[in-house]
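Please keep the structure open while reading.

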Amino acid sequence: MYPIALLLLLALSATGGHGENRQNGGHVSVVVIGGTGDLAKKYLWQGFFQLYLQQVSSGNSFSFYAAGQTPAKKATPIFFAILKTVHCPKDVSEERCAVVKDQFLRLSRYRQLKSLEDYRELSRDIEREVREEDLTEIGRLFYLSVPAFTYADIAGKVGSSCRPSGGAVWLRVVLEKPFGHDLRSAEVLAGQLGNALRDEEMYRIDHYLGKQVVSKILPFRVENKKFLNPIWNKHHIERIEIVLKETLDVQGRIPFYNEYGVIRDVIQNHLTEVLALLTMPLPTNLTNSQELLQNKLHFFTSFLPLGKKQAVLGQYQAYQSEVQQELNKTKDHVAITPTFAAVLTHMDSAQFEGVPILLISGKMLDERVGYARVLFKNDQFCLQANMVCKPKQILFYFGHGSLQFPAVLVSKNLFKPSIVEKTWKEVTDHPKIHILGSPLSDYYIQTPKVQREAYTELISQIFAGRKDSFISTENLLASWNLWTPLLESLTGTFPRVYPGGVDNADFLDLLLKGKEIDFKADLVLVDRAEDPSPKNFFVKRGKFRGADMVSAWAEELVQRLAVDIQSAAQTAILQDGVFHLALSGGSTPIALFHRLALHHFAFPWSHTHIWMVDERCVPLNHPQSNFHNIHQHLLQHVRIPYLNIHPMTMEIRRRICDEKDSATSLYREEIDRWIDGSKFHFVLLGVGQDMHTASLFPGTPAGLNANRLVIFTESPVEPRRRVSLTLDAINKAQQVAMLVMGKSKHDLVTQLSRVKDDANKWPVTGVKPTNGTLTWYIDYDALLR
């Protein structure tokens, strides 16, 4: 190994001797724990090489250590294979690059670090090297590129055995996310780290804060205050969107991803940090790290609480098989980890009150792109195409996508932004591409003169001791305090399945409803094929067994069905002056009855006739009577004329359901008398586990009789004797609704999605309105469980 002082002189000679005298610099030891891992290979060693390239001509000297638990003999060749891939920026000459790269390799070595004694020995070697080379030590930088569960142990060993002596020598320990799983775990981890390290020694890194466009947000806001101050508020901003779309899956990361999911992986940290920069109070001094962090902390206290109705979740179809393969799970294992999420947030502040803020991210989407978009209101209307009427927006474009380079874009009908920083330039060459609906020629565009990787930027800031682009303990806990309630409310939620890539089409499009968010399209039903590739993604969007389908959580589903029934009633009354509604009994529709009675005060009950789909052979006041159920939960609570109620008469001459009394004929005659063509306007049905509907059970051939409207049937359970409308009567209806709710119906729904039509074997498959419509109302518990 060459002496460090000699290597420094060699590197200085490659620059022509420029730079400060070596005495003005100092020696820094860099230790990357996990130094042969994926992150180190892709980003860290390139970042540290560029740090060396920048600093060596300023008189600083370095030692670089890759560390891990693998023995040095095995890991050293791997480490040096990684180092040989580092490269210089384009503005560095080949001669200088070759010299500095050679010195970087000579200054680097691998150390096995497992035990406390290993760490102590490392510290002694650093001290010996500094002493023998007559160097002035100024700092030690430990980068923990290892799983988060090892942080506390490693931090304890670093803090107790590798802390440099002398007050002028700094210690900096860099931590990669995740920083906890929720508020409680983050508090525990923060406490453990706090026992070993001081807060100023910890650098929690979020590489998004090193992206050039993200780090430009605050300077942009300051540079353009005269334009932005009047419009950066609720009176002018229509909404804010922060989007990170990825085309890759999560293969190879399943153990981590299946535990954390998309919200914890990128939304709670990356996208939230971007939002903070967009909406936090501007600091008076951009170089004051303490003020920046305090202003960001204020941002976290300005949000309305997040709950289940502020988020929608998705999961790409192949994820299930990837989990089963990588985690060695059986095919029965169901993973509900979301790979897509859209969260709608609102700030409780005078400046942004009522402004919708969307945070969206997902895997296996149609393109790789990231951006923050501030869309402004436009109350102007142009009769002819005019720039004035085009969208007004500011885009902080992180990179990739159709633009392919990082940039800040401002609509020309807003203002021309200032360029103050010398490292940025204006783009005047506009390729024929569109960005969020507008051609490039509609924007003023700024981009960095030289593109730099995020980790390179952040490593440089760590060396300089800047904390503003890192996560403080206070801000970390404030972020988890915001996100933990939402994550808890989403526990057990089944994500919508999507095929992946361009095949997603509009399945993940969103609909904002006040302060709530939902998918725009009805639920996507997926048949999980053996081959989970997008071409085998069998989708019936909003369809079930070829009929329309509505699906939602139970409460929302009942609300939708109630609205649809009232809409059908209003339409029927306009056309026919009357609305004929046939209702099934049982417990499933009780919530619907309550909804109609308590929330639909404008329902036209005075023009509505209530009919029975089926009835048990018990007196009408018996607790098991379907009519008794409907009366208890609906009829006695609404103002409906007595003559408009049509129960099935079960008891004639003190006999219950005696065929001699012709009860079925009497009800058929009543239907014929009141209803034109015996065609109900709306029929509400349910379905049993044996696939019966109404009281038409498997093996009830009379139910298929096209010449009868009402028949006696036999149930497999007590009370066995029943009266029911036939399939002919049901299929004459203008609208039929099939209501299926509850986890207990999941297997039934799965089976129903596969069986062929056979009304004798599975009566519900015989429900096919001749000239009307059938709609399935299936809640998420029944559909997805």
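## Burial and overall make-up

A residue counts as buried when its relative accessible area is under 20%. By that cut-off, buried residues make up 55% of the 785 residues in the protein chain. The model is predicted.

The chain holds 21 helices and 36 strands. Its C-alpha atoms fill a box of roughly 115 × 65 × 45 Å, taken along the principal axes. Consider the contacts with a separation of 6 or more: residues 24 or more positions apart account for 76% of them.

## Helices α2 and α4

Two packed helices are described by the angle between their axes and the distance between the axes. Helix α2 spans residues 38–55, and helix α4 spans residues 94–106. They pack at an angle of about 115 degrees. Their axes lie 10 Å apart. An angle of 65 to 115 degrees counts as roughly perpendicular, and α2 and α4 are therefore roughly perpendicular to each other. Their crossing is right-handed.

Which residues of α2 and α4 meet? From α2 come Trp45, Phe48, Phe49, Tyr52 and Leu53. From α4 come Arg96, Val100, Lys101, Gln103 and Phe104. By class, this contact has seven nonpolar residues, one polar residue and two charged residues.

## Helices α10 and α14

The next pair is α10, residues 254–279, and α14, residues 473–489. The angle here is about 140 degrees, and the axes are 11 Å apart. The crossing of α10 and α14 is right-handed.

On the α10 side, the contact involves Ile263, Arg264, Ile267, Gln268 and Thr272. These meet Ser479, Trp480, Trp483, Leu486 and Leu487 in α14. The class count for α10 with α14 is six nonpolar, three polar and one charged.

## The buried face of α16

Helix α16 covers residues 590–599. Its buried residues are Ile590, Leu592, Phe593, Leu596 and Ala597. How are these buried residues placed around the axis of α16? Seen down that axis, they fall within an arc of 160 degrees, so they line one face of the helix.

What do the buried residues of α16 pack against? Their partners include two helices, α15 (554–576) and α17 (626–633). They also pack against the strands β26 (579–583) and β32 (682–685).

Methods
Residues are numbered from 1 along each chain as its sequence is written. This is a predicted model: local features need pLDDT of at least 70, side-chain atom pairs count only at pLDDT 80 or more; totals for chains, interfaces and linings use all residues. Side-chain values use heavy atoms; hydrogens and water are left out. Axes are lines fitted to C-alpha atoms, for helices over the stretch in contact, and angles run from 0 to 180 degrees between N-to-C directions. Helices (H or I, at least four residues) and strands (E, at least two) are DSSP runs, numbered from the N terminus. Angles under 35 degrees count as roughly parallel, over 145 as roughly antiparallel, 65 to 115 as roughly perpendicular and the rest as oblique. A crossing is left-handed if the near helix is turned anticlockwise from the far one by less than a right angle, and right-handed if clockwise. Contact means heavy atoms within 4.5 Å. Ala, Val, Leu, Ile, Met, Phe, Trp, Tyr, Cys and Pro count as nonpolar, Asp, Glu, Lys and Arg as charged, and the others, Gly among them, as polar. Buried means under 20% relative accessible area, exposed over 50%, partly exposed in between (1.4 Å probe, protein chains only). The arc is that of the directions from the helix axis to the C-beta atoms.
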